[in-house]
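Welcome! Let's take a friendly walk through one protein chain, from its overall form down to single residues.

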Amino acid sequence: MNKWLDASKGDGRYGYPETLTEDKIVDFYEGVGYTPIPVTDETKRTVKKHLNPCFSFVNKKQENMIHCVLQMRRIETIHDGSRWMDVKRYGIEITHNRDGMDPIVLTKDDPRRAFQLPQDVIEAGLEANPR
């Protein structure tokens with residue numbers, strides 16, 4: 001994580017710490033609340049999301065470390081679609097707010113998370129993923 005930080009902090013104007021330690025990471029993420037689902041107030045969005053992976057965390061420190069790595073990946077892969085795999089892997093629930101409309105919530109068990117099979121595979125007889 002410190003190698004990523006060294007490569008990403010640039011000229012220091014973004015407020016990154018000089019180095020990361022377990023204590024700095026744990027203290028930061030313990031002080032951040034989870035983003036509510038659904039998000040009805042944009043000021044309540046945070047970098048910390050409820051994680052619903054298919055495995056259990058050993059302790060809160062491990063969860064906080066994963067939050068840190070996920071935030072680094074989010075910064076590193078912005079706009080290239082790679083975040084979707086983290087969203088699926090960790091069961092992160094997403095709220096998409098639309099002006100004047102109810103928010104769209106993608107829950108951890110939503111069938112829309114599954115990639116749809118290619119049309120030629122479906123035509124060959126394999127059942128399509130539910131939507």
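## Before we start

This is a predicted model, in which local features need pLDDT of at least 70, side-chain atom pairs count only at pLDDT 80 or more, and totals for chains, interfaces and linings use all residues. Residues are numbered from 1 along each chain as its sequence is written, and side-chain values use heavy atoms, with hydrogens and water left out.

## The whole chain

The protein chain has five helices and two strands (DSSP runs numbered from the N terminus: H or I of at least four residues for helices, E of at least two for strands). Along the sequence, they come in the order α-α-α-α-β-β-α. The radius of gyration, taken over C-alpha atoms, is 18 Å, well over the 14 Å that the globule rule gives for 131 residues, so the chain is more spread out than a compact globule. That rule is 2.2 Å times the number of residues to the power 0.38. A box of roughly 55 × 35 × 35 Å, taken along the principal axes, holds the C-alpha atoms.

How much of the chain is buried? Buried residues make up 26% of the 131 residues, where buried means under 20% relative accessible area, exposed over 50%, and partly exposed in between (1.4 Å probe, protein chains only).

## A cavity inside

Rolling a probe the size of a water molecule over the atoms shows where empty space is left. Here, a search of the whole structure finds one cavity of 30 Å³ or more. A cavity is a set of points on a 1 Å grid over the protein atoms alone where a 1.4 Å probe fits but cannot get out; lining residues have an atom within 4 Å of a point. The largest cavity contains about 60 Å³ of space, a volume being the space filled by probe spheres set on the points, which are joined across faces, edges and corners.

Which residues line the largest cavity? They are V47, K49, L51, H67, L70, Q71, R74, R83 and I92. Helix α3 (residues 60-76) gives the largest share, four residues.

E63 sits in helix α3 and is buried, with a relative accessible area of 9%. Leaving aside neighbours within four places in sequence, E63 is in contact (heavy atoms within 4.5 Å) with Y34, L51 and F57.

D102 lies in the loop between β1 (94-96) and β2 (104-106). D102 is exposed, with a relative accessible area of 61%. D102 and T40 are 62 residues apart in sequence, and their C-alpha atoms are 9.2 Å apart in space.

Key. 1 Å grid on protein atoms, 1.4 Å probe; cavity = no way out; pocket = protein on both sides within 12 Å on 5 of 7 lines; lining within 4 Å.
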